[in-house]
Amino acid sequence: MTKHQTPPPSNSTNLASCLVATIFLIFIFITIFTLYFTLFKPQDPKISVSAVQLPSFNVTNNGTTINFTFSQYSSVKNPNRGTFSHYDSSFQLLYCGKQIGFMFVPAGKISSRRTQYMAATFTVQSLPLGLEPNGPDGLKMGPTMEIESTMEMVGRVRVLHLFSHHVEAKAECRVAIAVSDGAVLGFHC
């Protein structure tokens, strides 16, 4: 009995096999790259302020200082397909560019495509009125005052459990308050 022997593959067959495998791997890489940057592209979270209140408001010292409690209700939406882990986040309250309140936002996580609601409350004691500039001549005390609130969320988003991206969001609001009774006249973010 004679055995049939197959001839060894030629170099052109090996080259063709390597070329097909390389083209296939390049195609897979391009597909993954395209999916990553279209479906899984990291986005910054969205912060929206829904309400601002002053539950307590007192004018003291013959109308020269005020004491008040400031409450702000916000929502943070994570538009990503991965969990947003936030840390080193803060909330500030400013009057005439000077910080009158500061609070750290506790570290936490917001699941993918979810919204987390947050509330921040400050008590401000003995804030002097009349610090608002009135042009080059000096200071004035009007029937309203304006304070600014700033909420900043800093963290990272993990995409496909492989890639980690730094993201941050900031919401700055200006709040108009009536000095006579502490009513919130409006706010703009």
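Is Arg174 buried, exposed or partly exposed? In this model, which is a predicted one, Arg174 has a relative accessible area of 44% and is therefore partly exposed, since that class runs between the 20% and 50% cut-offs.

Let me stay with Arg174 for a moment and turn to its charged partners. Glu146 forms a salt bridge with Arg174, and the closest N and O atoms of that pair are 2.5 Å apart. Because Glu146 sits in strand S9 while Arg174 sits in strand S10, which covers residues 163–178, this pair ties together parts that are 28 residues apart in sequence. Glu146 itself counts as partly exposed, at 33% relative accessibility.

Arg174 also meets the side chain of Glu148 in a salt bridge, at 3.5 Å from N to O. Here again the residues lie in strands S9 and S10, so the pair ties together parts that are 26 residues apart in sequence. Glu148 is partly exposed too, with a relative accessible area of 26%. Through shared partners, then, salt bridges join Glu146, Glu148 and Arg174 into one network. The count of salt bridges comes to three, and one of them is between the side chains of Glu172 and Lys170, at 3.6 Å from N to O.

Strand S9, residues 144–159, brings me to the largest pocket, because S9 gives the most to its lining, with four residues. The space in that pocket is about 240 Å³. Its lining is made up of 15 residues, and those nearest the centre are Gly82, Thr83, Arg158, Val159 and His161. By residue class, the lining divides into five nonpolar, five polar and five charged.

Key:
Residues numbered from 1 in each chain as written. Predicted model: local features only at pLDDT ≥ 70, side-chain atom pairs only at ≥ 80, totals over all residues. Heavy atoms only, no water. 1 Å grid on protein atoms, 1.4 Å probe; cavity = no way out; pocket = protein on both sides within 12 Å on 5 of 7 lines; lining within 4 Å. Points joined across faces, edges and corners; volume = space filled by probe spheres on them. Helix = DSSP H or I, 4+ residues; strand = E, 2+ residues; numbered from the N terminus. Nonpolar A, V, L, I, M, F, W, Y, C, P; charged D, E, K, R; others polar. Salt bridge = Lys/Arg side-chain N within 4 Å of Asp/Glu carboxyl O. Buried < 20%, exposed > 50% of the residue type's maximum accessible area, 1.4 Å probe, protein only.
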